[in-house]
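The following report describes selected features of the structure shown below.

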Amino acid sequence: MSPLRAKAPRIREKRLDAIGAWLGSTSAAVAEFSGDEVVQRIRTFAQSTNDDLIYALRIAGTIRNSVTVVHAPRGCAAAGLAHALAGPGSVWASTNLDERDTIMGADGKLRKAVTSLHHRHRPDVVFIVASPVVAINNDDIQSVVEELREELELPIVPIYVTGFASRTAVTGYDTALHALVKYLAGSATAEEKGELVNLLSVAEHPADRSEAERLLRELGLAFVTTPDNADIRDFRRAIGARASIPLCPDAPEYLGHVLREKYGVPLIEAPRPVGISGTGAWLAAVGSALGLKKEAAALHARRKAETEQSLAGFSLAGTAVYLSLAAAHAFALLELVHELGGTVAGLTISHLDRLHLPHLRELAARLPDLQIHVANGQAFEEASIVRSINPGLYIGDGLHVPQIARLAVPAVSLEGTPVIGYGGVTGLVRKIRAALAFRSFGELLGRTPTPYHEAWFRRSQNWHIKQEVK
Amino acid sequence: MSERTSKHIAIYGKGGIGKSTTTSNISAALADAGYRVIQIGCDPKSDSTTILRGGNDLPTVLDTLRENSKVRIEDISAVGFGGVLCIEAGGPVPGVGCAGRGINAAVELLQDLKLFDEYKPDFVLYDVLGDVVCGGFAVPIRDGIADRAFVVTSSDFMAVFAANNLFKAINKYAPSGGARLGGVIANSILAPYATSLIDDFSAKTGTRVVGYVPRSLTVAQSELYGQTVIEAAPTSEQAQVYRRLAQFISENEDTVIPRPLNGPELKKWAREWGDRIFEVEAGVVHEMAAI
């Protein structure tokens, strides 16, 4: 059965045994995933977290000349504001479902929204993002898609997120990518492969994307980048590419997977190009798959020398670092910390699934006792962990940095910070230097009361993480 | 569009009209004729396949609803009479939750299990509860799940009214890939005017009756024994009725998009039939009266 036949892909829990709550060592994590079935965990208490709708909006908003309609009560589209602030997103609107709409059905409202936005903005594509309300009342989106597609003569792409079927928000990426390929890629079968390669980039900083694109250009490769900042025509080009190169082994994986399964485009296995050796490994994987081994090695040697020189002997020796990022990002940054001479005291990653297993195994062999905390948005657990570990430095994705800073731990936020490639290394080191040098604000924060009771800090950090009992 | 060779058929009709009985007997008849059949009960009461399984317990699909449990087909199905694979979608207990959402989730779960790829049925019958009161209960006729739908009705006005409503739902979804109408199954035929009434309603709405199932003690008795008529009384006339109906469904793939009557039309139609029945009672005979 074609992988694109269904409205949406399988949720990450089913597709890749993803778990969203866990605390243990790398070796225990490997053991957990070594059986056939991974026992799902739940939190008996959890702070607010992201859902798949929010993650899907992130992808819809990155497509150029697009309009996104969130078919939901007005609150569900609030996440759009955050994405709009993060960069030039698309136009978005909410159908603002009210009580009557949820009872009587709102396909009329949806039709009106799509039509008027089309006339106002003349986009290349309109996205319709579902929401928990329409998932429950089964409001009819598909007939609006079919009718208006013909009537307005433009692609209308429904993204069937539910907001509750999956507990791991990254399912939202998969669902959006599924819809993009299903509706925009066209039906070409795998013909003769062209010269282009696909650069698969999901929710990356524009500077990160440019850095990766620069590296590919230096290797003499012509490429098309999807979905970040893509044009709808780029998806049709992507299905005829020679190969897909992911900028991350996790977030865009579903896109690479479908391109391979349905269109025969090989997916190159490569680590995230973060750090000097990390970027070198990425280049090596690309070079080896595309017959550019020598060029890749030469490029790496040159940039490595330049970067090391610019680092001017900076070292994290003696510093234990705590990392809090998406899994693939965290694993990549771990290597960078080691490269800079530091040690990693522990990781918080947003979810863990089978995609991470090869890297996890390798990590468990080197560092079997390294602690891994799986959590998306659980600042209370992270604060307790970091407080007990008391690292010399914390590097996170911005969400919890304020809480951690109040523990008087020097903290670096990667939000809005390019980290990819050789340029990313020098940029990050600059930030780390500053965090370690200018401590007085952090120390001042450390003297303010934390929002958590001592009683919570005395509890075991996985107090609220339990195995799900059937 | 469909890469499947199996035929997916949804059976709808007013609650209590004999849908599950009819569907189970059709499944049994198809199985008896040598086909591989799956019957999926889409009713939170979970009683669609009871008479195929001799009343034994069957865990419902939604009982197993978890993100990551490795559910196997054997966990949520039972082999009934004639080899019919019986599945119940299940749902919340009365008065709570959302059964419509449950039907959606159950159907998705079955697809997720690759039930149809693995079992390779010739026929899949979805027995869907009576009053399609929300979007969830229309799921079997949406999104390319069922190819055809049949509507069961008796000559009682309430059943016809429900059938007309079901035609509205089919009418809505058929143009965007939903199931089309295979026809009407006339059930519980007893009074002399019943077949004419149902024929007339079908003609007025652009469809036709594909089978007439008389009201019969055999059905009632078989059901009390927890069996289909095909099992309990295989050589009876009633069994033959179901076999003919099953044969028609298996051999005939014509479908239409029905034209439901609007409020005033339905009211007028009902009044006219009320008058005709009165005349039957009063012994009035019209020339050319086909009653």
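In this predicted model, the centres of domain 2 and domain 3 of chain A, taken over C-alpha atoms, are separated by 27 Å. The contact between them draws 19 residues from domain 2 of chain A and 19 residues from domain 3 of chain A. On the side of domain 2 of chain A that touches domain 3 of chain A, α10 (206-218) and α13 (276-289) of chain A each supply at least two residues. The largest share of that side, 5 residues, comes from α10(A). By residue class, the side of domain 2 of chain A that touches domain 3 of chain A divides into 9 nonpolar, 5 polar and 5 charged residues. The division of chain A assigns 52-163 + 166-184 to domain 1, 197-301 to domain 2 and 314-467 to domain 3.

Strand pairing is considered next. An open sheet of 3 strands has the order β8-β7-β9 (chain A), with parallel pairing. Its edge strands, β8 (223-227) and β9 (243-246) of chain A, each pair on one side only. Neighbouring strands of this sheet are turned by 30 degrees against each other on average, direction ignored.

Strand β3 (residues 66-70) of chain A has 5 of its 5 residues buried. Both of its faces are covered: S66(A), T68(A) and V70(A) are buried on one side, and V67(A) and V69(A) on the other. In β5(A), S66(A) has V125(A) as its bridge partner, while T68(A) is partnered by W92(A) in β4(A).

| Strand pair | Sense | Bridges |
|---|---|---|
| β3(A) and β5(A) (residues 125-129) | parallel | 5 bridges |
| β3(A) and β4(A) (residues 91-94) | parallel | 4 bridges |
| β7(A) (residues 197-201) and β9(A) | parallel | 4 bridges |

Helix α17 (residues 379-389) of chain A is largely enclosed by the rest of the structure, because 8 of its 11 residues are buried. The buried residues of α17(A) are A379(A), F380(A), E381(A), E382(A), A383(A), S384(A), I385(A) and V386(A). What covers the buried residues of α17(A) includes the strands β10 (320-325), β11 (343-349), β12 (371-374) and β13 (393-396), together with α18 (401-405) and α21 (454-458), of chain A. Just after α17(A), N390(A) adopts a positive phi of about 50 degrees.

Key. Residues are numbered from 1 along each chain as its sequence is written. Chains are lettered from A and ligands numbered from 1 in the order in which they are written. This is a predicted model: local features need pLDDT of at least 70, side-chain atom pairs count only at pLDDT 80 or more; totals for chains, interfaces and linings use all residues. A residue is buried if 20 or more other C-beta atoms lie within 10 Å of its own, exposed if 12 or fewer, and partly exposed in between; C-beta atoms are placed from the backbone. Two residues are in contact if their C-beta atoms, placed from the backbone, lie within 7 Å. Two strands pair if DSSP finds at least two bridges between them. Axes are lines fitted to C-alpha atoms, for helices over the stretch in contact, and angles run from 0 to 180 degrees between N-to-C directions. Domain bounds come from an automatic or database domain assignment. Ala, Val, Leu, Ile, Met, Phe, Trp, Tyr, Cys and Pro count as nonpolar, Asp, Glu, Lys and Arg as charged, and the others, Gly among them, as polar.
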